[in-house]
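Hi everyone, thanks for coming. Today I'd like to talk through some charged pairs with you. Let me put the structure up.

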Amino acid sequence: MGKEKPGFLTPKAIANRIKAKGLQKLRWYCQMCQKQCRDENGFKCHLTSESHQRQLLLFAENPDKHIDDFSQNFETEYLELLRRRFGTKRVHANIVYQEYIAFREHVHMNSTQWETLTEFVKYLGKEGKCLVDYTEKGWFITYIDRDPETIRKQEAIKAKEKMDATDDERISKFIEKQIERAKDTSTSRDVEFTDLNREDESEKITFNLAAVKKVEPVLKHPEASSSSNPLVSTKKVTEKTKPPTSSKAGEKRKAKTALDEIMEAEEQKKEKINRKDYWLCPGIVVKVVHKKLGEKYYKKKAVVKEVKDLYTGIIKMLDSGDKLKVDQTHVETVIPGLGKPVMVVNGAYRGEEATLDAIDEKHFCCSIIIKHGLLTGRVVNGVQYEDICKLHLDS
């Protein structure tokens, strides 16, 4: 009787599987047979086996075809891993290769047309499939995404950003014109006061004092009666009864009201354009409100370091320094103290930095003051809590 094959759960079988699980030496691997040997003796035995000889006969019939197939598979899987794992970020070529060979069923480089990783990286650069640059630390590559769907999305995003920027510029110019027009209107109607000059000195000036009520002053000295001048009393009464000229103030008040109406209309337009269903942005402080992330992080604050796919963010916990990948539904905005900087994360002034001016706890809103741009110093009232968030100040 022949020697029985050890069972699946015997110690020897388990040890063999553990040894075969990790990466083995590349020189003891046969790509045609897809056979990995653990030592040189095993590899020599495999080379003399009948199955390997049959694969060599197949390879000898058309060696170029097999090498091209292996090279194509290696290149496709390497680029797919680079695209899926790192995207369009600049990364060391050897880091991608180490992750690639961690997969046991990968195509080995000794079966391709490239002898070293450097030759393969240079090939990717010449073919225009990646951006390649060499530094003291080695070769770095950046994947070039030429997917038609990705290009279409990028062009759509750029077109939308350009359209939004054009709309903002047009609104800003319109507001500036209205302000200049209001200033010109108020200055052109100002009343000019001039001195009273009498052209004809022979002309007589007469005063009608019939309507003036006689004023009887209380005299303390007999000579005081002779010093009383009816013109002085008439002037005082006339000044008291003369209505003030308020045309200038009224015109300014009207111009200011019209400007406010224009600003409100423009804010409504910007509100429709900038109101989105996503609000995460780098540099803001958020609070974890989802218990799914663990009790360790629940109700703790973190700073948003990076935003991916509009709705997902990479946050760093302020107390522990741990980094987490969260959805925007797992966190909420943080309202700082009065006078502290905030970022407008949604609504008409989305993307603007501001200062928290007042908080209305009764109506769950607040007032902010815009810090930069054409609207510097503008006070915006009635901003909802979820539309602003505390800015992280780097120490």
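Before we start, one cut-off: a residue counts as buried under 20% relative accessible area and as exposed over 50%, with partly exposed in between. Please also keep in mind that this is a predicted model.

So, how many salt bridges does a search of the whole structure find? The search turns up eleven. Let me walk you through a few of them.

We can begin with Arg85, which pairs with Glu99 in a salt bridge whose closest N and O atoms are 3.4 Å apart. Arg85 belongs to helix 4 and Glu99 to helix 5 (residues 93-101), so this bridge ties together parts 14 residues apart in sequence. Arg85 has a relative accessible area of 47% and is therefore partly exposed, falling between the two cut-offs. Glu99, at 31%, is partly exposed too.

Staying with helix 4 (residues 63-86), have a look at Glu75. Its side chain meets that of Lys129 in a salt bridge, 2.1 Å from N to O. Lys129 sits in the loop between helix 6 (117-126) and strand 4 (130-135), 54 residues away from Glu75. Are these two buried or exposed? Glu75 is buried, at 4% relative accessibility, while Lys129 is partly exposed at 27%.

Next, Asp387 and Arg275 form a salt bridge, with 2.9 Å between the closest N and O atoms. They are 112 residues apart, Asp387 in the loop between strands 14 and 15 and Arg275 in the loop between helix 9 and strand 6. Asp387 is buried at 7%, and Arg275 is partly exposed at 36%.

Finally, a network of salt bridges links Glu80, Arg83 and Arg84. Thanks, everyone!

How values were computed:
Residues numbered from 1 in each chain as written. Predicted model: local features only at pLDDT ≥ 70, side-chain atom pairs only at ≥ 80, totals over all residues. Heavy atoms only, no water. Salt bridge = Lys/Arg side-chain N within 4 Å of Asp/Glu carboxyl O. Helix = DSSP H or I, 4+ residues; strand = E, 2+ residues; numbered from the N terminus. Buried < 20%, exposed > 50% of the residue type's maximum accessible area, 1.4 Å probe, protein only.
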